[in-house]
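Have a look at the picture before reading on.

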Amino acid sequence: MNSDTLYNSIAKYRDSDVVALYFREGKITFRKLLSRIDEMADRLYGLGVRKESVVSLLSPNVPEAIVVLYALSKIGAKMSLLHPLLPKEVLRESLEETKTDFFIVLDVLYPTYRDIEGLSSKTYFISACPDLNPVVKLGFKFLYRKDLRHVDPARYLFAIPALERLPETNRDADKGTILLRSGGTTGKSKTVLCSEHGVNFVTDQSEKILCHPCRGHAMIGVLPMFHGFGLAMGIHAPLANEAASALMIGYSGKEIVRKIRQNRLNVLLAIPYMTDKLLNTPGFSGRKLKNLLSTFIGADKPEKRLFAQFDARMERYGSVNRLLEGYGLTETITVNFVNTLKDRRIGSVGKPLDGVLLRIADEKDLDKDLGCDKTGIIMISSPSVCLGYLNTPEEKQPFHYDADGTKWLVTGDVGYRDKDGFLFFQNRASDVHKIAGHNVFPSEIEAVAESHPDILSCASVFIEDGKHPYMVLYCIPKAKKDGLEKSLRSYLKDRLIRYAVPERIVFADALPRTDIGKIDRRKLKALWLEGKAGSRH
């Protein structure tokens, strides 16, 4: 297995003129990218960034953010990769928790955070401007002129001279250098400490996952770096295999279609919400879909209809591309289980990657595997498992150790494996609710509801109401029909234990989403409790 750091994984391509990054209508070769990374490492070292430094990076996927990422890897500094839409108070807490020495932020995002006490003295800026053509750059500066007034031009990293040359390249891939925020296996937000060795564990298996060579192809880079899947597969996997990452600041169906037609996009990484929108994007059709080779989906549980609709679209235009579900957590950096074009089972999250061990255990006996077709806690042993939660005592870390020293991540997720080794994810353990002493799975309710011919999408939430807890089901119907509520309720009663049948059904035009497109169940629950859920049935 590759034990290189992120930087050393791509440094071997420094003389390559293969495209490394696509951004807007421009492109950057490996030769140019490595030159920029080396210059940036010298600049950061000149500013005082060292191996013991903690640098927080808050930016969407623009080329300069990628340059900073690999420059920090070259130095060996700890890098806290943050959501580009992080609330101000959460950013302040993160900077304090990680003891950040340097804060690097995309210039247009800075006004949101500029009044955080003590921030200005440690802040430096990156920008999309150096990689925009002159006309677009002019429009960009005009559009964001009010925000850019708060930015000190002397603190732009691209304008700072390299005062010192980095004396040596870090080669310790096992060191904890990557900090990612996670909901935690208990549902409470935590900062996860990962190694670069762990990232490379997945990227080293890219060609096996993709079932085709990487070199010369392009993978979408729209999921930000704070997202382990976005970091490991959207950015690093293609670069570590002399392929391109097609960077996007945010999801754009039109841009995806354009890049597919230009053959600048061959592999998609998506979440269900993005996939649904893409299927309804004008132009996502035609013989150019043959340029797509595979599409991987995760985060939320995809509806079965998505697979049918997506695969049918690909088949219609002769594309080998299919929708492939995978499973991973921030605590494993990225996917550890995945379906492939050669080995796929719809409904499952795939088989484990080479080197990944799976245990399905009873929560009261984590040493014993329950075997096939038995539901239990998902446990993972993998080289990509994180080093632990930051500032957290050992007894609260999400690990279990066998007598022989094998380290397991106790995911807090519930699922089972079938006899062929495919893993089926059902729910987070915290999302398994007790009603009248019976286990109720929101995912099961949703899967049954979405199989109703008149339901497009749905989400269920658990409501605690003293001694009488119940489920509320929010649904987006394919069309408004008289009697749909009665039909759906009867349909659910025939297929669920009676305690899982929702007490309330709400029809809506849309479901609230988080910043990365997941259904926001917390908001749904809050809306219900506040009495603002709309029409109740």
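## A covered strand

Start with a bridge: Ile463 has Tyr470 in β25 as its bridge partner. That contact belongs to the pairing of strand β24 (residues 455-463) with β25, which is antiparallel and runs over eight bridges. Two strands count as paired if DSSP finds at least two bridges between them. Strands themselves are DSSP runs of E with at least two residues, while helices are runs of H or I with at least four, and both are numbered from the N terminus.

β25 also pairs with strand β26 (residues 504-507), this time in the parallel sense over four bridges. Here Tyr474 has Val506 in β26 as its bridge partner.

How many residues of strand β25 (residues 470-477) are buried? Eight of its eight are. Buried means under 20% relative accessible area, exposed means over 50%, and partly exposed is in between (1.4 Å probe, protein chains only). In a regular strand, side chains alternate between the two faces of the sheet. In β25 both faces are covered, with Tyr470, Val472, Tyr474 and Ile476 buried on one side and Met471, Leu473, Cys475 and Pro477 buried on the other.

## A word on the model

This is a predicted model: local features need pLDDT of at least 70, side-chain atom pairs count only at pLDDT 80 or more, and totals for chains, interfaces and linings use all residues. Residues are numbered from 1 along each chain as its sequence is written, and side-chain values use heavy atoms, leaving out hydrogens and water.

## An open sheet

Elsewhere, seven strands make an open sheet with mixed pairing, in the order β6-β5-β3-β4-β7-β8-β18. β6 (123-126) and β18 (388-389) stand at the edges with a single partner strand each, so one side of each has no neighbour in the sheet.

Within this sheet, strand β4 (residues 78-82) and strand β7 (residues 176-182) pair in the parallel sense over three bridges. Leu81 stands opposite Leu180 in β7.

## Charges on the surface

Asp362, Glu363, Asp365 and Asp367 gather in a negative patch on the surface. Patch residues have over 30% relative accessible area and no salt bridge, with like charges joined within 9 Å and nonpolar side chains (Val, Leu, Ile, Met, Phe, Trp, Tyr) within 5 Å. A salt bridge is a side-chain nitrogen of Lys or Arg within 4 Å of a carboxyl oxygen of Asp or Glu. Glu363 sits in the loop between β16 (357-361) and β17 (376-381), and it is exposed, at 60% relative accessible area.

Arg114, Arg145, Lys146 and Arg149 form a positive surface patch. Arg145 lies in helix α6 (residues 145-148) and counts as partly exposed, at 42% relative accessibility.

Methods
Areas by Shrake-Rupley, 256 points an atom, 1.4 Å probe, with all protein chains shown as cover. Lys, Arg positive; Asp, Glu negative; His and termini not counted. Charge placed at Lys NZ, Arg CZ, Asp CG, Glu CD.
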